[in-house]
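Subject: Structure handover

Hello,

Here is the structure for you to look at. My notes on it follow below.

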Amino acid sequence: MCVCTPAAAAAAACCRVADESSPGTFLICTVDQATNTLSGCASSSIVGYNGVQVPVGLVVKSGNAYIANRDSTCGVIQCTNAADLSGCSCALTSAQNANLVRGITMSPDGNTLYFTSQTSVLGTNYGIVACAMSGTTIGTCTVYDSATVLTGIHSSGSKLYVVARVVIGVNYARVWVCDPATPNPATCVQTGDTFPTGLLPSEPWGLSVFDSALYVPDNVDAKVCTDLNGASSCSSTGLNLSPVVQGASSLFILPRP
């Protein structure tokens, strides 16, 4: 997925997109801040980390990239050069509750790194993991467990949004709205619109907030929700798109291959 916040774009002037047709690579593009157009896109692979690489998203701070890695050994990879994804090493392992990481986001102030992870070795617990950031160094992490499968995650600063997939009984997904200071799933707002899951229905995995609207891409199209407090009032955009994410001042969209 492509994640470009104003701070990240200003620091690195690039937008990174997961290449769905070639797992393990990212598309790195220059972002024109005046027109919000992308140019000079080039494919880049993770350099320096030689473990299993199953990247599903990343965020950038001060030229460093933090990659969500859906691996059972190392869940977060850090690259000291985000421009070409070099200088990479494992930042957090499964022993540090970074296991099969599905989504990753950074608070707009850069003080907290959030990701969703399978926090139980038995696979019964999933959680929101919040890690304090000191510069580009990941500090102490706190785990907020849930029995619900959690995937995409996005921080707007005042709220933390996470995709929750209910897989027991009636299968559906719902966007939970959480307190970023204490993102305990038990206290997140869990009402709002639901999305059916399965082979043919929507199966949302990511989400993003932009211009006072919540965007939830899925297998059918991208939904847009106008109620940011309860993740409701969602309607179809009719656009057959993969992850929709926040840009510097516009929305970047990755079409399906």
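Two strands pair if DSSP finds at least two bridges between them. Strands (E, at least two residues) and helices (H or I, at least four residues) are DSSP runs, numbered from the N terminus. With that in hand, histidine 154 stands opposite tyrosine 161 in strand 13.

Two notes on the source. This is a predicted model, in which local features need pLDDT of at least 70 and side-chain atom pairs count only at pLDDT 80 or more, while totals for chains, interfaces and linings use all residues. Residues are numbered from 1 along each chain as its sequence is written, and side-chain values use heavy atoms, with hydrogens and water left out.

**The whole chain**

Buried means under 20% relative accessible area, exposed means over 50%, and partly exposed is in between (1.4 Å probe, protein chains only). The accessible surface of the chain is about 10,500 Å². Carbon and sulfur atoms account for 54% of that surface. Areas come from the Shrake-Rupley method with a 1.4 Å probe; for residues, only the protein chains shown count as cover. Contact means heavy atoms within 4.5 Å. Take the contacts between residues at least 6 apart in sequence: 39% of these join residues at least 24 apart.

**Sheet 12-13-14-15**

Four strands make an open sheet in the order 12-13-14-15, with antiparallel pairing. Strand 12 (149–155) and strand 15 (194–196) are at the edges. Each has a single partner strand, so one side of each is left without a neighbour in the sheet. From one strand to the next, the twist averages 25 degrees. Strand 12 is joined to strand 13 (residues 160–166) by five bridges, and the two run antiparallel.

**Sheet 8-9-10-11**

Another open sheet has four strands in the order 8-9-10-11, again with antiparallel pairing. Its edge strands are strand 8 (103–106) and strand 11, and each pairs on one side only. The twist averages 20 degrees from one strand to the next.

Start with strand 8. In a regular strand the side chains alternate between the two faces of the sheet. Both faces of strand 8 are covered. Gly103 and Thr105 are buried on one side, and Ile104 and Met106 are buried on the other. Strand 8 pairs with strand 9 (residues 112–118) in the antiparallel sense over four bridges. Isoleucine 104 has phenylalanine 115 in strand 9 as its bridge partner. The two strands form a hairpin with five residues between them. Glycine 110, in that turn, has a positive phi of about 75 degrees.

Now strands 10 and 11. Eight bridges join strand 10 (residues 126–134) to strand 11 (residues 137–146), and they run antiparallel. Methionine 133 has isoleucine 138 in strand 11 as its bridge partner. This hairpin has two residues between its strands. Glycine 135 in the turn has a positive phi of about 65 degrees.

Which strand holds cysteine 131? Cysteine 131 is in strand 10. Its relative accessible area is 0%, so cysteine 131 is buried. Leaving out residues up to four places away in sequence, cysteine 131 touches Leu92, Asn111, Thr112, Leu113, Phe115, Ile138, Thr140 and Cys141. Asparagine 111 is 20 residues from cysteine 131 in sequence, and their C-alpha atoms are 8.5 Å apart.

**Other sites**

- Alanine 222 is in strand 18 (residues 222–227). Alanine 222 counts as buried because its relative accessibility is 3%. The C-alpha atoms of alanine 222 and glycine 238 are separated by 7.0 Å, and the two residues are 16 apart along the chain.
- Serine 232 is in strand 19 (residues 232–236). Serine 232 counts as buried because its relative accessibility is 16%. Beyond its neighbours within four places in sequence, serine 232 contacts Gly192, Asp193, Cys225, Thr226 and Asp227.
- Valine 52 is in the loop between strand 3 (38–45) and strand 4 (55–61). Valine 52 has a relative accessible area of 48%, so this residue is partly exposed.

Best wishes

Conventions: Axes fitted to C-alpha atoms, helices over the stretch in contact; angles between N-to-C directions.
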